[in-house]
Every structure is written in structure tokens, then in C-alpha cells.
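Thanks for coming. Please have the structure open as I go.

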Amino acid sequence: MLGSGRRDADPAHRSGLGSPIISARYAVDHDVAVITLDHPPVNGLSHETRVQLAAGIDRALADAAVRAIVVTGAHGMFSAGADIREFNSNKVAAAPSLDTLIRMVEASDKPVIAAIPGTCVGGGLELALGCHFRAASADAPIALPEVKLGLLPGAGGTQRLPRAIGLEAALNMIVSGASVPARRLRGTALFDAVVEGDALAAGIALARKVADENRPRRRLSEVTLREPNAEGFVQFARNTVGPMSKGYPAPMKCIDAVAAAVSKPFEEGLRFERALFIELLNTVESRALRHAFFAERAASRIPGLDENAPARPIERVAVIGAGTMGGGIAMSFANAGLAVTLVETRQDALDKGLATIKRNYEASVKRGRLDAKAVERNLGLLTPTLSLSDVASADLVIEAVFEDMDVKLGVFRALDAQAKPGTILASNTSTLDLDRIAAATRRPQDVVGTHFFSPANVMRLLEVVRGRKTGDDVLLSVMRVAKRIGKRPVVSGVCDGFIGNRMLEQYVRQALFLLEEGASPQQVDRALERFGFAMGPFRVSDLAGNDVGWAIRKRRYVEKPNVAYSRIADRLCELGRFGQKSGLGWYRYEPGRRDALPDPAVDALIADYRKELGISPRKIVEDEIVERCVYALVNEGAQLLDEGIALRASDIDVVYLAGYGFPRYRGGPMFHADTVGLYNVVRTMQRFASNPHGDPGFWRPAPLLARLATEGKTFNPE
Ligand SMILES: NC(=O)c1ccc[n+]([C@@H]2O[C@H](COP(=O)([O-])OP(=O)(O)OC[C@H]3O[C@@H](n4cnc5c(N)ncnc54)[C@H](O)[C@@H]3O)[C@@H](O)[C@H]2O)c1
């Protein structure tokens, strides 16, 4: 609050067009002007906010009664920086640009003090760095996170931050994008005061003090950075960061820019930073990372549904089945502080499930991810039981029993009888028809799918399956609780495999055809790992268990006799080569190790199989491997959009980024196809269709893909 001596308080800028939306409030407290950034949700420095802030500075400079200027933020934060919605428009550079604004602040004759009550990141921190003095609340998160969007701080951050906190500390912050509380930077030239209490009051007090003492303005641009070992340190940073940032150009450019703070005069360094920023802004990688950022936010918006509509409260959860998934799901809720009742049919299964949960928690403690106290609290939130009637108090029940329709129907009938009215009944089924499950109850509107990924306490992706009768409020409630437990929820319609696994089946089918035609598992894995996947399909399959895919294929041979499947993986399974768990799979594994070692026995098996089919192997180039596997994802993704199973292309991207190790710097399969150009994707698919082994029928472009390619459009709106 400002003192009672406030003389006036109104928008820092008046627009000629009606009443302006105030995003930088101007007030005067006796002899100190206070400009408050007030642009919810994060005081982003949009064009309008910059205009108002600049007008506020001018006004304070023109007011003879004002001796000092304080810039602060509303909503308990300073500013989270540039408004990234402006990045793809020319508004981002519209005058006054952030750079101009910062220069204006720094050049001010009157002292400008940043009062930082909370979050001060990105352009927000760059603005604060342009001020002459800074007072911050000890807890305020301080960061330059641009690297996470494939960028670098482009408004002087790479030049001013090293001048405030030293080369090494600045480099660490800028290259990692990590946030640190202001208290950790106490004692550096970044902060003149770090306070436990009111940062604004501290800022105003500081303003008066510097005015009284007539302290010279401290302009970071005028500081010469002296670092005796700068060159050695920068080289060390390059050697360390280079191998860690494959595929991501921004981290190395961050190092280049920060290094310029030592090697170049300020203005030259600033120009260098600017050039690198623009270079990065136009890279596919940065566009992909920005796409991923927006895609994750968009995923929780459901067309026709008000994101903020009331939802059902969820405080108590019950999980049915304490197996692989049930245990992990129960942990996810307990970790977020929700009480969980864990239901099993047999004591030994319950004991086994709880023992696994305890072991997982112990492993987290060992790795330093959790402390013993948190584990105790989480375990205290779990109530194991053999009685299904204990679900009566639950607001949400998640069924994770065997993947068997009859078993599930039995469980849902029982839940219908036991759960209180309004309880949300969710199934974790991977393949079964949710609408049939819902029909087993008298409340299909309360039934929804929650498809967690294994290990459920670790994997962030959650497909929220909307049945034909799922209530809107049920869907909203599940989306909300998913976020509460730290998941990335994406809505999927009902179909076999939902979004992720249905697409994956086509990807794996192509990987297997590639083996038939001449590639080795190592070659396929290497190509897709070079493309950026965390793991290639054969290493993934060895990890998950080759028997899982085998069981699905056996079902497919009956259900879809017309779809071509390579039988090569079945041969592997017939030998009991189920992957890591059996020590042998597509690779061999040495006891206690996870390294995938090539196995001549697999090469022989593949060679025999080719002979049987009469195929003479050909050399397959990496591009073909990548394109066949990735475009298989794309075409099936387009099919899902056509069928309305996925709501938008960016949702598919989120599924693949959060759940399938798709490289984030490529933005997801649909965004990747957009960057290649859909016309080009279709042309390549037509080429694949002429290969008899590539499954010509499959390569017919999905109607949406065909249409967009013809119209020169993209899946994701530009
Ligand atoms: N394992 C995965 O990777 C994965 C991934 C996503 C989804 N799913 C799905 O999750 C569900 C569970 O899979 P899982 O791998 O955890 O299986 P699991 O065999 O490890 O566990 C199932 C558990 O359910 C218990 N159970 C069976 N009937 C029950 C009943 N009537 N009441 C209470 N408990 C009962 C069993 O005792 C067992 O402990 C399946 O629908 C599966 O398709 C599995």
C-alpha cells in the first residue's frame, strides 16, 4: 500500500480511444513515483504495458516534485517478462520495444528502483536490470528462462546479468533457465536490499535513501566486467554444455552471448546478443519449443466447455487394483496430498502392491528426490483395504484391474452399487470400450477414462477419455485434478489405443517392415534416436516387454485379418526373448545392466525370416527409416483428427512429447509435419505406397492430410 500522502493514482498512459485497459498504474507517494505493472496473469510486458510504463517514466521525469521512481508489480509478482503471444507477431518489436524501454529507464536522471515482490523472470528481470537499484522479497523467483523456449534473453539480460552477479553465476542461470530465490543472490550487485517483508515498502525506502544521499545512478551498462579466467571458464562451459544440448541450438548461443559481456564493450555486446536472439527466434527448434509451450496450455481448453465452470470437488480418491498401474496411480495422488483408498481382492496382492510402493518411495529418498518425512506423510495418506464398500467416501474412483472386459464390467457394477451419488468412476483401461463399461452402470455420465502411462507415478502424460455419455463437469473435474497431481492431461475420444497407442502401433508396424526389407534393429533405433527420440522402437520394446505387443498382435490377427503385420516380432517372442526382463530381446543384456548389446542370434533370425519370405535385403538409408516411422504417426494422427478422437493437432503433439519421448525441439509429430510441409509429407507417402512392403493401403493420406496438403495449409494454425 502507498502512504496516505498519495497525490494521484491513475493509468500511466491515456489512450485516446475510450477508457484504456490499465496495465501500468501510476501513483505518487509524496516525492516518489510508483509505477505498478498490472497485467494479469503474470504482468507480461505486452506492447500496451510497455507504452504505459514508458509514459509513466516520462511523467515522473517531468514532475518536479518527484525525486525517485519505483517500478513494481501487482499480484505479488514483478513481471514474468515478454508476452510470448506477441512472439509470432510484429507487436513484439513495436515501439517502445523492451530494449528501448530498458534504455529509457537506465538513462533516467532520477533514480529508478525496482521493487520486486515476487516472480521476476525473463524480460521482467531484464527490466529490473535496467533500473539503478533493486529491492526484492527474499522468496522472489529470479530467472532468465528464455533458453527453455529455444531463445536467449534478448533485451540485455546476457550483458547486464554477468555485470551484476559475475560470469559464472550468470552463465549458469542463463544456460539452464533455472529459477533461484532472490535470497540466494543476496550480497551481489543484483540486489541492494533483500527483505523478508514488503518489497514495495523496501523499494520506496531505498528510493528515498538514494535520493537523500544523492547517490550516483548505478548503471550496469557502465560496469566493466573483470574476470581473470573468463576464457578458460567459457571454454569449459562450451565443452560441458555442447554434448548435453544436442538438437537445441540455444544453450550454446547463450554461452556465446554471455562471453561477449566480457570480451566486448557493452553496446557491441548488446548488438551481438540481439543478432543471436533474432537468429534463434527464427529457428525451427525455437518455434517448436514455443509451440510445445502453447500446446500444453491449449490441451486443457475443451471446445464448448468453460474452462472455469464449476467442477466436482475431489479430495478423496479410491484406486481399485494395486498392481503395476494401481500402485503408481495411488502414489501420484498421495504425492499431491490427496487421501487414497487402495482396494484389492486378495491380501497377498495388496501386500505386494504396498511393498512396491514403499520400495519406490525408498528409491526416491535414496536419489534425494523426497525426504523421509514426505514419504511418511504420503504413506499415511494411503489406506489399504480388501473391502470394495470402502469406496463409499471417495469422490473419484480409478479402476486399474486386469485388462479383461468381464472383470471390468463386474467392478463397475459393484462400484455403481457402492459409490455415493456424484462420485466420478474412472477406468484406466488401455484398449477396452469405455462406453460399454459405462453402460454397466446406471450413471454413464459419471464414467470417464483416465489412461495413465507406466510408471504412473513418474510419467506426466494422462489421456482423459471422454465417453459418449461422459458429463462435461466430470471431464472438467478430471482435467483439473490431473493438473493438481502434476500430470499433462489430454482429452481423447473412445477408440482402441486412444491417441498415443493407436498411433504407436503404426509406427512399430513400419519399424518391423523395415527389418524385413533390410534394416537391423540397431540401425532403426539409431536413426530414430538421431532424429531425437529418447529411445528407438526396439529398445523401447525390450524395456516394456515384447510380449505386450505380441498379445496385441494376436488379437489384431483375428480382429483385422486384412491388415498386414510383420510376423518377425512373433518369432522373437516364440523364443522367449521378451526383452530386458528375460535378458534377451531385440538385443542381449548382461545381468544387472541395461545396455542394449547387438546379438548375432537376432541378425540370424531376421536373415532366416527374410529368406522364408524370399526378400533380398536392401540398404535402407536413415532418412527412409525416420520418414516411414514418423509419417506413420502423422498419417494416423490425421486420421484421429478426422474421426474427432483428438480435438486438435497440438493435443497429439502434447501426447507424443509428454508420453513417448518425441524430441521437444521438433515440437511433436504434427508440428514436425507442418515444418516439413504437408505437401512434401504426402509426396513422400506416395513414394512409400509404391513399395509393396510398406503397406500401400496404409500410405493413402488421411482425408484431412490430403486436403491440407492440397490447400497449402498446416495442421497447427500458423
Ligand atoms: N501396465 C501398463 O503399462 C499399463 C499402462 C496403461 C494402462 N494399463 C491398464 O491398467 C490396468 C491395470 O494394468 P496393470 O498392468 O496394473 O495390471 P496388473 O496385473 O499389474 O494389476 C492388476 C491388479 O488388479 C487386481 N485386481 C483384479 N481384479 C480385481 C478386483 N475385482 N478388485 C480389485 N483388484 C483387482 C489384481 O490383483 C492385480 O493386483 C489395465 O486395464 C491395463 O490395461 C496398463
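Why does glutamate 399 count as buried? Its relative accessibility is 0%, and the cut-off for buried is under 20%, so glutamate 399 falls in that class. Keep in mind that this is a predicted model.

Let me place that residue. Glutamate 399 sits in strand 14, which covers residues 396-399. Leaving aside residues up to four places away in sequence, glutamate 399 is in contact with Ile320, Lys408, Val411, Phe412, Ala426, Ser427 and Asn428.

Two of those names, Lys408 and Asn428, come back when we turn to the ligand. There are 22 residues around the ligand, and the nearest are Met325, Glu344, Glu403, Lys408 and Asn428.

For glutamate 403, a polar side-chain atom is 2.5 Å from a ligand oxygen. For glutamate 344, the corresponding distance to an oxygen atom of the ligand is 2.6 Å. In asparagine 428, a side-chain N or O atom lies 2.8 Å from an oxygen of the ligand.

Last item, the cavity. The count is 1 cavity of 30 Å³ or more, and the largest cavity holds about 30 Å³ of space. Its lining consists of Gly150, Tyr248, Pro249, Ala250, Leu280, Glu285 and Leu289. By class, that lining is 5 nonpolar, 1 polar and 1 charged.

That is all I have; over to you.

How values were computed
Residues are numbered from 1 along each chain as its sequence is written. This is a predicted model: local features need pLDDT of at least 70, side-chain atom pairs count only at pLDDT 80 or more; totals for chains, interfaces and linings use all residues. Side-chain values use heavy atoms; hydrogens and water are left out. On a 1 Å grid over the protein atoms alone, a cavity is a set of points where a 1.4 Å probe fits but cannot get out, and a pocket is an open set with protein on both sides within 12 Å along at least five of seven lines; lining residues have an atom within 4 Å of a point. Grid points are joined across faces, edges and corners, and a volume is the space filled by probe spheres set on the points. Ala, Val, Leu, Ile, Met, Phe, Trp, Tyr, Cys and Pro count as nonpolar, Asp, Glu, Lys and Arg as charged, and the others, Gly among them, as polar. Helices (H or I, at least four residues) and strands (E, at least two) are DSSP runs, numbered from the N terminus. Buried means under 20% relative accessible area, exposed over 50%, partly exposed in between (1.4 Å probe, protein chains only). Contact means heavy atoms within 4.5 Å. A residue is near a molecule or strand if one of its heavy atoms lies within 4 Å of it. A polar contact is a pair of N or O atoms within 3.5 Å; within protein, one must be able to donate a hydrogen and the other to accept it, and residues adjacent in sequence count only if both atoms are side-chain atoms.
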